[in-house]
Amino acid sequence: MTFSLGSRAISAGHRLAAFDQIGSTNTEAMARARDGERGPMWFVTSEQTAGRGRRHRPWIAPRGNLASSILEVIDVSPAVAATLGFAAGLALEAALRRVSVEASLRAAGSDHMKFSLKWPNDVLAGRQKLAGILLEAEAVAGDHLAVVVGIGTNVIAAPEGMPTPATSLAALGVHIGAEELFTELSDAWAEFRGIWDRGRGFGEIRRLWLERAAGLGQPVAIQTGGATVEGTFDTIDEQGCLMVRTSGGKRIPIAAGDVYFGSAASAGAS
């Protein structure tokens, strides 16, 4: 089976560059933007050898996993572009649900088959990380911004030794190929990218994201800038910042950081 766009993505004018193997789909996408590519265009592979996640952590996709990046060149500010990551999370969660119907029925409500969105950029299955999202942006062509949204999904294998325990679709009993998942993802992206609408629809994206948020209303600790902020995960605000309500009732916005829930939060995210 080969990678192909879904019908909705094709109708939206999206294009595709597929690779048997590549160092990083994000790197390739940004290089194309510097050379004049304006997108929207997908870059996809089932074997990535030099990918990276947040804080430059390695994100290696062994053959059979899905590494994909969508390039969009848009005339929005970096702050608005950052909210596109929430649309990406919704798109991936929707695609995962569509390819996991049979396994979900077999699991009959088991928590390990419940997909949720962990701020700012992970998709969880139960309490385990199934996928990660990385946004990168660079100014091109005057006032335009090249935005690359990288989406990596553990299809057949999950890395070990990660800050959050990881799993794969195969381990969950979802036996599909990266190609099938990508087709669903490309269509779901067209849907939620349309809702986002250059940031004008972030209010609706925010509402949908919060419905699927992991840890909402629960104890949370965020490591950010060498400090740890603890409290309750209250909401995300209109800019996509995580709002923490401290024990004293103060609400603190967090723009970036590593999030820990439950017992890890009680331990101060040590």
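The expected span of a helix is 1.5 Å times one less than its number of residues; keep that handy for the first of these close-ups, which come from a predicted model.

**View 1. Helix 6 from end to end.** Helix 6 covers residues 178-196. Its 19 residues should span 27 Å, and the C-alpha atoms at its ends are 26 Å apart, which agrees. Look just past the helix and you will find D197, with a positive phi of about 55°.

**View 2. W42 meets F182.** The model holds 6 aromatic pairs, counting ring centres within 6.5 Å. Here, the ring centres of W42 and F182 are 5.2 Å apart with planes at 85°, so this pair is edge-to-face. W42 belongs to strand 2 (residues 41-45) and F182 to helix 6, so the contact ties together parts 140 residues apart in sequence. W42 is buried, as its relative accessible area of 0% falls under 20%. F182 is buried too, with 0% relative accessibility.

**View 3. F86 meets W209.** The rings of F86 and W209 form an edge-to-face pair, because their planes stand at 85°, over the 60 degrees required; their centres are 5.4 Å apart. This pair links distant parts of the chain: F86 sits in helix 4 (residues 84-99) and W209 in helix 7 (residues 202-211), 123 residues apart. F86 is buried at 5% relative accessible area, and W209 counts as buried at 2%.

Notes:
Residues numbered from 1 in each chain as written. Predicted model: local features only at pLDDT ≥ 70, side-chain atom pairs only at ≥ 80, totals over all residues. Heavy atoms only, no water. Helix = DSSP H or I, 4+ residues; strand = E, 2+ residues; numbered from the N terminus. Phe/Tyr/Trp six-rings, centres within 6.5 Å; stacked < 30°, edge-to-face > 60°. Buried < 20%, exposed > 50% of the residue type's maximum accessible area, 1.4 Å probe, protein only.
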